Amino acid sequence: DVLPNSTPCPQHCNYNLPTNTTKMKFTAAATVAFAASANAFAPATTGNRATQLNAMKDDFAKVGAAALAGAAIFGATMPAQAITKSELNQLSYLQVKGTGLANRCSEVIGEDTITPKGGSRIVDLCIEPKAWAVEEEIGKAGKTEKKFVNSKVMTRQTYTLEGIEGSIKTDGGVITFVEEEGIDYAPTTVQLPGGERVPFLFTVKELVAKGNGGAFKPGFQMGGDFSVPSYRTGLFLDPKGRGGTTGYDMAVALPGLQSGEEGDAELFKENNKTFDVGQGRIEMEVNKVNAEESEIGGVFVASQPGDTDMGSKVPKKILTKGIFYAKIQ
C-alpha cells in the first residue's frame, strides 16, 4: 500500500475498503433513485388520473399521476433501511436514539385486503416526506413561466407527522377518513438552489379524505383538502417587537415613517400581523396491505401554501411527496 504522498504504508494500516465501498454504492443508488423521481414535480400538461377522486385544484393539477408514480418509485428503491412496525416496537429508546428511525414511517409487507367495519378508525397514521418542490417564476427568452423547483430540506429530522388518528365512514360503500388528532403539523424549512429558504407548516389538520372504494387494497386511492394554519402564532414577536396579540403595533425605530397615512400604508402589512389559515390538498395511494396486522402503507403527494410571515408576504406553493403508514382499528 502507498499513501497519496507516495510514503509507504505501515503494515498496521487499515482503510476499511469494503465498508467505504458499500457506503459509496448506497449513496450512488440513493442519488439515482432521487433523480429518477425528481421529474414528478414537473408541471403536468394533462390532469388525467386512473381514478378521479375529486376535481383537482389548480395547484394540484400540476402533479397528477406522474407524481404518485414517482413517489412509488422513490419509496421502492430503499428497502435496506425499511423497518416494520413490529420490528421497531422491539427496539429500546437507546437503540433508536440518534439513528433517525424516529423520523421514519414503518414499512408494510403484504398485498391483502382490509374492509373496514362500522366504527373503524385509522390510528398511528405516519406521513413521511421524501422530497419537496417550490413553485418559482423562471424567466427564459423574455418570457416568465411558473415551474416547480426541487428544494433541499434544512430542518433536522423532525418533519414527519406521527400518531395521527381519525374516524372512518363508509357512506355509499365509499371510504371517507376524517382526521381528528395527533402530531399533525411540523414546522419545516426548505432551501431553493439559489439559497433562498422557504418556511412552511407541513400539516394535514382537519383533513377529510374520500376514497374510490370500500376496502383498503393495493391501488386504493383517497384524497381531500386540509387546513394550513399560520407558520407563526399570535405570540410571536418580529425583530422590531411587533406581534399579533402582543408586542408593539408599529416599528418603534421608525416613528416618522408611520405618522402619516402614506407612511403607515407602506408598512401596514409589517405592522398589522395576521394569523392566516390556508388550504392544502393531499392524495394518497395504498400499495401495501397486511390484513393480519391491520396495516396499510403507500405513497402520497401534497400541495399547500408556504409561510406568509404573518400577512406581510405572498405565500409560495409547495409540493411534498413521500410515504405513509397507518393501522386500521
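This is a predicted model: local features need pLDDT of at least 70, side-chain atom pairs count only at pLDDT 80 or more; totals for chains, interfaces and linings use all residues.
Me: Why is Ser230 called buried?
Reply: Its relative accessible area is 7%, and buried means under 20%, so Ser230 gets that label.

Me: Where does Ser230 sit, and what does it touch?
Reply: Ser230 is in the loop between strand S8 (221-228) and helix H6 (261-266). Skipping residues up to four places away in sequence, Ser230 touches Leu201, Phe275 and Asp276.

Me: What makes the pairing of the Ser230 side chain with the backbone oxygen of Arg232 a polar contact?
Reply: A polar atom of that side chain lies 2.8 Å from the Arg232 oxygen. The cut-off is 3.5 Å, so the pair falls within it.

Me: And Pro193, why is that one called exposed?
Reply: Pro193 comes out at 66% relative accessible area.

Me: Which residues is Pro193 in contact with, leaving aside neighbours within four places in sequence?
Reply: Val149 and Asn150. Pro193 belongs to the loop between strand S5 (185-191) and strand S6 (197-203), and its C-alpha is 8.1 Å from that of Val149, 44 residues apart along the chain.

Me: Which residues touch the most other members of the largest nonpolar core?
Reply: Out of 37 residues, those are Ile122, Leu125, Ile127, Phe216, Ile282 and Ile296. Strand S1 (residues 121-140) gives the most to this core, five residues. There's also a second, separate core of six residues, including Cys105 and Tyr325.

Definitions and conventions: Residues are numbered from 1 along each chain as its sequence is written. Side-chain values use heavy atoms; hydrogens and water are left out. Helices (H or I, at least four residues) and strands (E, at least two) are DSSP runs, numbered from the N terminus. Buried means under 20% relative accessible area, exposed over 50%, partly exposed in between (1.4 Å probe, protein chains only). A polar contact is a pair of N or O atoms within 3.5 Å; within protein, one must be able to donate a hydrogen and the other to accept it, and residues adjacent in sequence count only if both atoms are side-chain atoms. Contact means heavy atoms within 4.5 Å. A nonpolar core is a set of buried Ala, Val, Leu, Ile, Met, Phe, Trp, Tyr and Cys residues joined through side-chain atoms within 4.5 Å.
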